[in-house]
Amino acid sequence: MRAPTGKNLGLLLCLECQQVARARQAANPRCPRCHAPLHVRKPHSLALTATLLVLAAVLYIPANLLPVMYTRTLLDEESDTIMSGVLVLLQAGSWPIALLVFVASIVVPLLKIIALAVVWYAAWRGLPGRRLQRSELYRLVEFIGRWSMLDVYAISLLATLVQIQSFASIGVGWGALAFGSVVVLTLVAARTFDERLLWDEA
Amino acid sequence: MASIILCPACDLVQRPAPPPQTARVRCARCRALLPRHQQARLDWAMALTVCALVFFVLGNTYPLVIVNMNGVNREATLVDAALGLSQQGFWVLCWLVLLTTVLAPLLQIGALLYLLAMLYFGRMAPGQRVIFRILTVVRSWTFVEVFMLGAVVALVRLAAFARVLPGIALVCCGLLMMTLAALSNMTSPSQFWRWVERRT
């Protein structure tokens, strides 16, 4: 027996206002309440998510290898990657903050890329079984995604506050741009993915 | 078609729980949270929006942090933090920070003020549907709470070689973050459109 889903019953859900509408023959159906375009599933979901995800995975490498920050003092110049930034925090004796940055900037982006790839593959092949786990993995990715922006904000504040007129100055490195791109790309990739694809043909 | 709902996460058709929904309602199949039928009050939402506006204005006029290094004071507001990135040539990052911490909350507050005030006075708000959809998008790009934590990380790193003082704006941003969270709970799309349907 086919599951009683909107798709099987000819019903469309507006993802913006949760209004349920009957699918009509119109070429571009719109929500009767908020006028948002309606689709059975998000358009080109798999292709878009895959593209964004591959881009994010490629940029993850420079994001971690290139320096995100330069610290210049009168005596020397130091460059910091994300990982060495974590070590600086650890040496400063604030291990909870170091752990926080490590999780938000290194673990979370990597976890997001891997988890989205797993979920994407399952949706692409229409894998049966363990749908609930995959759905919950996807929701976790959606929930924690924004927290990776933490380092971008920290760097922007540091670079603004520590400027040339004082004895030290902090500059932004190309790694920060790569890192910011990874965060935004994974955020958008998670949003273009249609979770309902995991449950189709159930 | 009010008698059935579709799960936004797995598309399963189900009957909504009876109205006074005090607890969270989850999908029977995929356990996703379903939009809740709450009874929020329009005047409370209005009051909170004005609150958010006050916190936003204060949070953007006062410095977030003050740093004292070798007797020289430096302070930065929220906008300064973004502009600092563009001064170093990273204007893409500058826009990203500006959008997620300043422009998105501002648009959110502005849109809500307009829509709720029009509803309150029983007028048809021109462009209501487009503005509410913009509000939904903008909401998903508001990262004030992440910025707060980022500011804490920056303060800890600076504390190693300078005296740092958290500014008034940091407190205001914290309050703004809580107000916005409460507001997006009270003015969920289903709640908003129920208000609209009741007025017309």
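User: In this predicted model, which residue of chain B forms a salt bridge with Arg33(A)?

Analyst: A salt bridge requires a side-chain nitrogen of Lys or Arg within 4 Å of a carboxyl oxygen of Asp or Glu. For Arg33(A), the closest N and O atoms of the pair are 3.8 Å apart. The partner that forms this salt bridge with Arg33(A) is Glu197(B).

User: How many salt bridges does the rule find across the interface of chain A and chain B?

Analyst: The interface of chain A and chain B holds 19 residue pairs in polar contact, both residues being at pLDDT 80 or more. For salt bridges across this interface, the number found is 5.

User: Which helix gives the largest share of the side of chain A that touches chain B?

Analyst: Chain A brings 70 residues to the contact, and chain B brings 60 residues. Of the chain A side, 10 residues come from a helix spanning residues 150-161. The helix with the largest share is H6 of chain A.

User: Which residues of chain A lose the most area to chain B?

Analyst: The two chains bury about 5,900 Å² between them, with 71% of it on carbon and sulfur atoms. On the chain A side, three residues together account for 13% of what that side buries. Those residues are Arg33(A), Tyr153(A) and Leu161(A).

User: Is Phe192(B) buried or exposed?

Analyst: Phe192(B) lies in helix H7 of chain B, residues 189-199. Leaving aside neighbours within four places in sequence, Phe192(B) is in contact with Leu115(B), Leu119(B), Gln128(B) and Phe132(B). Its C-alpha atom is separated by 9.6 Å from that of Leu119(B), 73 residues apart along the chain. With a relative accessible area of 0%, Phe192(B) is buried.

User: Which residue in E4(A) is the bridge partner of Thr71(A)?

Analyst: Strand E3 of chain A (residues 69-72) and strand E4 of chain A (residues 77-80) pair in the antiparallel sense over 4 bridges. A hairpin of 4 residues joins E3(A) to E4(A). The bridge partner of Thr71(A) in E4(A) is Glu78(A).

Methods
Residues numbered from 1 in each chain as written. Chains lettered and ligands numbered in written order. Heavy atoms only, no water. Helix = DSSP H or I, 4+ residues; strand = E, 2+ residues; numbered from the N terminus. Buried < 20%, exposed > 50% of the residue type's maximum accessible area, 1.4 Å probe, protein only. Contact = heavy atoms within 4.5 Å. Pairing = 2+ DSSP bridges. Buried area = accessible area lost by both parts, 1.4 Å probe. Polar contact = N/O pair within 3.5 Å; in protein donor to acceptor, adjacent residues only side chain to side chain.
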